[in-house]
Amino acid sequence: MKISTKLTVYFTIAVFILVVFILIFLHESIVNSRIDEEINSIQSRGESHRDILEDNYTQQTLQHIALMESRTSAIVVVTDKQKNMIITSDKVSAEMEGVIEKAVVASYPNSNMLKKDYRNDDYIVSVSSFRASSQEGYIFMFKPTGPLRKLIKELNSHFLIAGWLSLALMIIIHFILSKILTRPLIKMKAATESINRGDYDVMLPQAGNDEIGQLSQAIQKLSDDLKTIKAERAEFLASISHELRTPLTYVQGYTTIAKRIEIGEQERKKYLHIIEEETGTIVQLVENLFELAKLDENTFTIYKEALEIGPFLNRLYTRVKPAFINQSIQLHFYCTVDMVIHADPIRLEQIFLNLLDNAKKYSKKGTTVTLTVTSDSTNAIFTLEDEGIGIPEDEIPKIFTRLYRVEKSRSREHGGSGLGLSIVKELVEAHRGEIQLKSTIGKGTIIQLIIPIKEGS
C-alpha cells in the first residue's frame, strides 16, 4: 500500500470516528431537546388550564379549553376527583382510559409526567390537579408520539446522509492532501532509487523548511556529494595510474637497457641508479596511498603524549639539515617558548618531514627556509616560511586536494605526487588543529599550523 493511500485511510478513519462521535452527540442533543420541549409544553399547558379552571370553573370555560386543544395535536381530558371524565377535546381511546385509571397523581398543586418514553409509548402524558370553588379534579394532557417518531426518523435520515457525505468528502480531501504531502516523498524515493543505481545526477525541488524539506535537502546534498566523490574517484584513479605508469615505464625501459651485454659498466650503473630512483618514487607513492587509506578508514591511531617541542624540533632539524645543505638551501629554526604539548610524536614528525621536504623541493639554491614556533594561551603555532617558487592565488584553495598539483610538469621535475599536503592536513585535523597557507608567486610560501597545547582542547 502506497504511503498516500495509507495516509488517506488512516486520516479518514480517525476523522470519521471523530465526525461520527460529533454527529451522534448532536443527534442525541437535538432529539432530547425536542422531547424535553414537548414534555415541558404539555406540562405547562396543563398547568395553564388548571389556573384558568381554578379562577373560573364554568361549563363555558371547560368548552373553551377543549376547543383550544382540539386545534392542536394534543388531547386534553378533564376529570373529577374520582377520575370520571367531565370533558375532552377529542375521542378518548381505551389506552387513554387505562392510563387515566392507573394514574398516580401528585398532591395538589403539583403536576407530574405519567408517560414520557416516546419510543415505546403512543402518548406522552402529564397530569395536573385543580381545585375550584365547585369542583376538584385532574387535567390530563395526551401528546401522540407518532409525529415525534416521524420527526426523529427524518432527523436520523438527515444525519445519515450528512455522515455519508462527510465520509465521501473526507476521502476526497484526504486523498488530495495526502497526494500533496507525499508528492515530495515520492520524488525523494525516486531520487534515492536513482542514487542506488549509481545515477547521482538527481534534482529535487525545494520543499519548504519543514522536516520533509530538510530531508529533501539532505538527499540532494547526498546526491551532490556522491556525484563529486564519483568524479574525484575517477580523477584520482586516473592520476594514480599516470603517477605509477611513468616510473614503471622508466623502470621497465632502463631495466631492458641495463640487461644489454654491449653497454659499459659505467653506463649500466647510471641506468641502475635511475631504476633505483624510480623504484623509490613508486615505493613512496604506495606508502602515501596506504597512509591515506588508513586515514580514510580511521584505522590509524593517534597516541598523544607530553612532548617538549624544543628538543623534538631540534632533533628533527639536525636530521634534515644535511639534505638542505646538499641543495645549497639554508634552514633556520627558532623556538621562542619553552613549551610542552600533547601530541603524537611519530605523526607530528611525519607532518614536519612532509612540509620541510616540500619546502626543499620547491626552493631555489641560495634561498632560506625558516621554521618558527610561538604560542598563544591555548595553541602552539608553527610557522614554516620558504623563499621558493610560490603558488598562484587561485590554486591555493585546491592545494590540499589529493593528487592535485599546481603544474604537473613542475611536480614531475621535483618528484611531487600531490599526496603530501593532503596527508599533512588529515594528520593536523586528527590533532584537532588547523593548517593555513599563504603564498606569492616568485616570493615563497608561508604555512602555519595551529595545534592545541592541552589534551582535548
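I began with the surface. Leu169, Ile172, Ile173, Phe175, Ile176, Leu177 and Ile180 form a nonpolar patch there, and together they have about 650 Å² of accessible area. I noted that this is a predicted model.

Phe175 sits in helix H4, residues 146–196.

Next I checked Glu101. Glu101 lies in helix H3, residues 94–102. Its relative accessible area is 63%, so Glu101 counts as exposed, the cut-off being over 50%. I also looked at Gln82, which is 19 residues from Glu101 along the chain. Their C-alpha atoms are separated by 9.2 Å.

Then I turned to the strands. Strand E8 covers residues 340–343. Which residues of E8 are on the covered face? They are Ile341 and Ala343, while Val340 and His342 make up the uncovered face. In a regular strand, side chains alternate between the two faces of the sheet. E8 runs antiparallel to strand E6, residues 305–308, and four bridges join them. I found Ile341 as the bridge partner of Leu307.

I followed Leu313: leaving aside residues up to four places away in sequence, Leu313 touches Phe333, Phe352, Leu371, Val373 and Phe382.

Technical notes
Residues numbered from 1 in each chain as written. Predicted model: local features only at pLDDT ≥ 70, side-chain atom pairs only at ≥ 80, totals over all residues. Heavy atoms only, no water. Patch = residues over 30% accessible without salt bridge, like charges linked within 9 Å, V, L, I, M, F, W, Y side chains within 5 Å. Areas by Shrake-Rupley, 256 points an atom, 1.4 Å probe, with all protein chains shown as cover. Salt bridge = Lys/Arg side-chain N within 4 Å of Asp/Glu carboxyl O. Helix = DSSP H or I, 4+ residues; strand = E, 2+ residues; numbered from the N terminus. Buried < 20%, exposed > 50% of the residue type's maximum accessible area, 1.4 Å probe, protein only. Pairing = 2+ DSSP bridges. Contact = heavy atoms within 4.5 Å.
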